[in-house]
Amino acid sequence: MNLMVIAAIGRESSTTNMLGRQIVGICEGIGCDVDFVTPTALALPVNDGTLPPDLPAAKAWQERVAGAKAFIWISPEYHSGMTGGIKNLFDHLGKEALRGDVVGLCALAGGAMAALNTLNGMSIVARSLGAWVAPDYCAFNSNEVKQGLDERACKRLEALCQSVVDASRRLSAPWPEPAQADLGI
Ligand SMILES: Cc1cc2nc3c(=O)[nH]c(=O)nc-3n(C[C@H](O)[C@H](O)[C@H](O)COP(=O)(O)O)c2cc1C
């Protein structure tokens, strides 16, 4: 299973990046080949509508995305939405670039409110790219990530990763041949 973890922040001391790396460990533990991506490492230019359609860096990014079947996106809440940096990665993808793929979503908030607007916004973008979105989201306060997630939060995170992998496997599996009895023969 090729799974891509996309963390919105590249800075290693960032709680978003820390959570991303924790998710990489969980997904590797359940048998995934994981590609860990940040906008910082990719350094794609801002897609402001002036870029050439055959930009080599964008083509390389699109091919990298095509190599994954499952994704986990992690963003902090910036003014009630995902960061512009992570959105820019998606703005370099074609329509339905994630058709048949599964996306799991995590978001971090600095304030007392959980990052629900960010999660809902990311869900809309994932569906617009053609992906199936895992129904359970993970929302954290950045302080709880900084202090180290407690057992309950770790279990929620593990359950999200497992559900993304399971859903992706089910979507990729061929349908079983119907039994003769099911056909009424
Ligand atoms: C530009 C900006 C906007 C932010 N807007 C919000 C917000 O709307 N709601 C919120 O709870 N936190 C907000 N925050 C706080 C971030 O969500 C918080 O700092 C983040 O979770 C920390 O992530 P990091 O450790 O990966 O940098 C904002 C922070 C920045 C820098």
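The model is predicted: local features need pLDDT of at least 70, side-chain atom pairs count only at pLDDT 80 or more, and totals for chains, interfaces and linings use all residues. Residues are numbered from 1 along each chain as its sequence is written, and side-chain values use heavy atoms, with hydrogens and water left out.

## Helix 1

Helices (H or I, at least four residues) and strands (E, at least two) are DSSP runs, numbered from the N terminus. Helix 1 takes in residues 15–29, which is 15 residues. The expected span of a helix is 1.5 Å times one less than its number of residues. For helix 1 that gives 21 Å, and the end C-alpha atoms are 21 Å apart, so the two values agree.

Which residues of helix 1 are buried? They are Thr15, Thr16, Asn17, Leu19, Gly20, Ile23, Val24, Ile26 and Cys27. Buried means under 20% relative accessible area, exposed means over 50%, and partly exposed lies in between (1.4 Å probe, protein chains only). An α-helix has 3.6 residues a turn, so residues three or four places apart point the same way.

At the start of helix 1, a side-chain oxygen of serine 14 reaches to within 3.1 Å of the backbone nitrogen of threonine 16. After helix 1 comes glycine 31, with a positive phi near 90 degrees.

## The ligand

| Residue | Protein atom | Distance to a ligand oxygen |
|---|---|---|
| Serine 14 | N or O atom in the side chain | 2.7 Å |
| Threonine 16 | polar side-chain atom | 2.6 Å |
| Serine 80 | polar backbone atom | 3.1 Å |

Taken alone, the ligand exposes 640 Å², and the protein buries 68% of that. These areas come from the Shrake-Rupley method with a 1.4 Å probe; for residues, only the protein chains shown count as cover.

Histidine 79 sits in the loop between strand 3 and helix 4. Its relative accessible area is 84%, so histidine 79 is exposed. Histidine 79 has a positive phi of about 50 degrees although it is not a glycine. Most residues other than glycine have a negative phi.

## The aromatic pair

The structure holds 1 aromatic pair. The rings of tryptophan 73 and phenylalanine 90 have centres 3.9 Å apart and planes at 25 degrees, so the pair is stacked. Rings of Phe, Tyr and Trp (its six-membered ring) pair if their centres lie within 6.5 Å; planes under 30 degrees apart count as stacked, over 60 as edge-to-face and the rest as tilted. The pair links distant parts of the chain, with tryptophan 73 in strand 3 (residues 70–76) and phenylalanine 90 in helix 4 (residues 84–90), 17 residues apart. Tryptophan 73 and phenylalanine 90 are both buried.

Helix 4 also holds asparagine 88. Asparagine 88 counts as buried, at 10% relative accessibility. Its side chain reaches the backbone oxygen of proline 45 at 3.0 Å.

## Other residues

Alanine 43 lies in the loop between helix 2 (39–42) and helix 3 (56–66). Alanine 43 has a positive phi of about 50 degrees, although it is not a glycine. It is exposed, with a relative accessible area of 56%.

Valine 145 is in helix 6 (residues 142–147). At 5% relative accessibility, valine 145 counts as buried. Valine 145 and leucine 108 are 37 residues apart in sequence, with C-alpha atoms 8.7 Å apart in space.

Technical notes
A polar contact is a pair of N or O atoms within 3.5 Å; within protein, one must be able to donate a hydrogen and the other to accept it, and residues adjacent in sequence count only if both atoms are side-chain atoms.
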